[in-house]
Amino acid sequence: MAAAGTCGTGTRSTGSMVAAASTNNVTSFQRRGPRASGADSGCSRLVSIAGTRPSVRNGQLLVSTGLPALDQLLGGGLAVGTVLLIEEDKYNIYSPLLFKYFLAEGIVSGHALLVASAKEDPADILQKLPAPLIDDSYKKECDEDVCSHKMEPDIKMKIAWRYQLLPKMEAGPVSSSRFGHYYDISKRIPQELIETSKWHGFFLPEKISSAFNVESCSLTPGYMKLLQFIQNIIYKEGFDGSNPQKKQKNILRIGIQNLGSPLWGDDICCTENCDTSHSLTKFLYILRGLLRTSLSACIITMPTHLIQNKAVIARVTNLSDTVVGLESFIGSEKETNPLYKDYHGLIHIRQIPRLNNLIYDISDVKDLAFKLKKKLFTIESLLRAPTLFLPQVVSFARGCQRPS
Amino acid sequence: RAVSGRSPPPPAPTQGSPCGSASSKDSVEWEGRSLLKALVKKSALCGEQVHVLGCEVSEEEFREGFDSSINNRLVYHDLFRDPLSWSKPGKALPGGPLEALRALDKRTGSGPATIALDSLSWLLHHLPCPILCQTLHALSRQDSCPGDTLPGEQVRVLGLLHEELHGPGPLGALSSLAQTEVTLSGTMGQASAHILYRRPRQRPTLQTQWFSILPDFSLELQVEPLLESQPPSDLHTPSVDPTTHLTFNLHLSKKEREAKDSLTLPFQFSSEKQQALLRPGLGQATSHIFYEPDAYDDLDQEDPDDDLDV
């Protein structure tokens, strides 16, 4: 579905560009008008879903992950219909942040949400989402961060003196129609935003009856119930096109927390050779099938550091599309290493999908570290080579960075 | 502090481990049951109701050492005497350990309570690990049930785990569930507890506390003993300095710095010219194109593209 839409948008945009470029009206390039047929107005409709944009490389429809820096690392955003797997850090401090950013981005963009967890009630998770930053409040945040390293405006730059008067920062976010917003972790999302959003929650202890009998099917009952729930929502709300005349197309953002932990009933973290070792991999396979046939994107956090069997981790990585690993420095010997003293952990982009494309969209920067400031979660390149990474450094943290 | 009975309200499974220390010492048993009993005593003294699920020792042995006021607050659920329910129904806990845990879940409804599980190792051997984790999570979730949640009505869960009986899998799974993890070890006859306290959404703190338990199971916290006979364990390896062993020079001497500052750069204009270029005059456009035709340039004033029909 997304693929069909992309070729349409590609040619349409080229046509309109050329039409605009010609000065006189006598031109053979005409802009294609909007399709008259209402049934498959997929091409023009798909692009205009709020909070999405086509990728600049291959026209794939993308949604933002909530962190513009992470979007850039993933090649513009998360493709609709794919799974983003976050490998949790050891004490599970930073991966819930990425999870919350994803959900908050969904609320701000007006997408529907599906939150599944075995540990926390989804309503509680939604209450704790970060508040979005708008325009000038964001600028103030960055000013506070930068002011400790502030240069006076009339400082003499010896070599690059022509750039003295250029502003130091790029413009912050303007309105909620942008792709990718900034959030303030220290504040909670306003209640009215949650109430106006459409969300579905799946809390495992409520859905599973207390009969703990061992099922003979290969999927643990928790996973089976979750898959049925997701399928039900996708079908009922029409994300797979089954109820086409209902309303405007929208994206469903699915968030699954701590998948694979024992709280889901899966013993993949407890033993090395477990009986239900294929349960998790089957779940991911079926989930990916559900996602590919609907307008949805999914984020999963998984405690891979607890999984005993390394082969399972490799299979899980292959079954997901985008895999990002977080490694925090707490408790490890890297905490005292001066190389890492400004950061809280490393972020590893383990896999990026190759969708409708012949090449991977990997960024050039491979050594990445993250830092949790009081209000922001920033991702920066670890090695501060002076000139090599300058353009990327500026656009990563949007000016919240020491001018190097 | 986490070791004392006034531990923070959220649940706190405790991990006690007999420790064969790496250094060449006699193996000393740092047993955790006395610590568990000390914590139970503290909770009982605070006026809470204490439920104990006893699996490894008999009831008499567990109650030994407590005085009567504490014993009255202690509700003992005995799984030791008849774990498989062979005796007549009604006498022992029917249904095995899982039912016993679920009964605990329903029983504590009034006032703050402490549940002590003696031990989690026994439960791990009799129940599959995911089910145990789910049941423990349900136990500890009692304080956040829907409706009014009074801060005093929270349930604290203490569990004793023998570290060496389990592989890294169940240990990791249970410790990810726990809010506070206390690992017992010690040196030279002094018991110490390494406490890992995870606060939600904040960095976990690691703390080491030396303590000893008196015969009446009250907890005494102590300062760290002086380690003389051992090489001091807190001597960190010298921190790594990344600027050593480089093939190029990162530091400038004073003379080099002066020479660098006094160097005139090729495109360095005088400051007036800089200002003039930076701030263009009023009537000027912001950019100029200065073109000097070469000898070979063809300066045809006619536009060669005029005859194209575009």
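This is a predicted model: local features need pLDDT of at least 70, side-chain atom pairs count only at pLDDT 80 or more; totals for chains, interfaces and linings use all residues.
**Entry 1: the chain overall.** I began with the secondary structure and found that chain A has 12 helices and 14 strands. I then looked up burial: 49% of the 404 residues of chain A count as buried. For the accessible surface I noted a total of about 19,500 Å², with 54% of that belonging to carbon and sulfur atoms. Turning to contacts with a separation of 6 or more, I recorded that 72% of them in chain A are between residues 24 or more positions apart.

**Entry 2: the hairpin.** I looked up the pairing of strand β13(A), residues 368-372, with β14(A) and found 5 bridges in an antiparallel arrangement. The two strands, β13(A) and β14(A), form a hairpin with 4 residues between them. I noted that Leu372(A) stands opposite Phe377(A) of β14(A).

I next asked how many residues of β14(A), residues 377-381, are buried. I found that 5 of its 5 residues are. Both faces of β14(A) are covered. One side carries Phe377(A), Ile379(A) and Ser381(A), while the other carries Thr378(A) and Glu380(A).

**Entry 3: a helix pair.** I examined helix α9(A), residues 221-237, and helix α10(A), residues 277-292, whose axes come within 10 Å and cross at roughly 5°. On the α9(A) side I listed residues including Tyr223(A), Leu226(A) and Gln231(A). Among those they meet on the α10(A) side are Ser279(A), Phe283(A) and Leu290(A).

Note on methods: Residues are numbered from 1 along each chain as its sequence is written. Chains are lettered from A and ligands numbered from 1 in the order in which they are written. Side-chain values use heavy atoms; hydrogens and water are left out. Buried means under 20% relative accessible area, exposed over 50%, partly exposed in between (1.4 Å probe, protein chains only). Two strands pair if DSSP finds at least two bridges between them. Axes are lines fitted to C-alpha atoms, for helices over the stretch in contact, and angles run from 0 to 180 degrees between N-to-C directions. Contact means heavy atoms within 4.5 Å. Accessible areas come from the Shrake-Rupley method with a 1.4 Å probe; for residues, only the protein chains shown count as cover.
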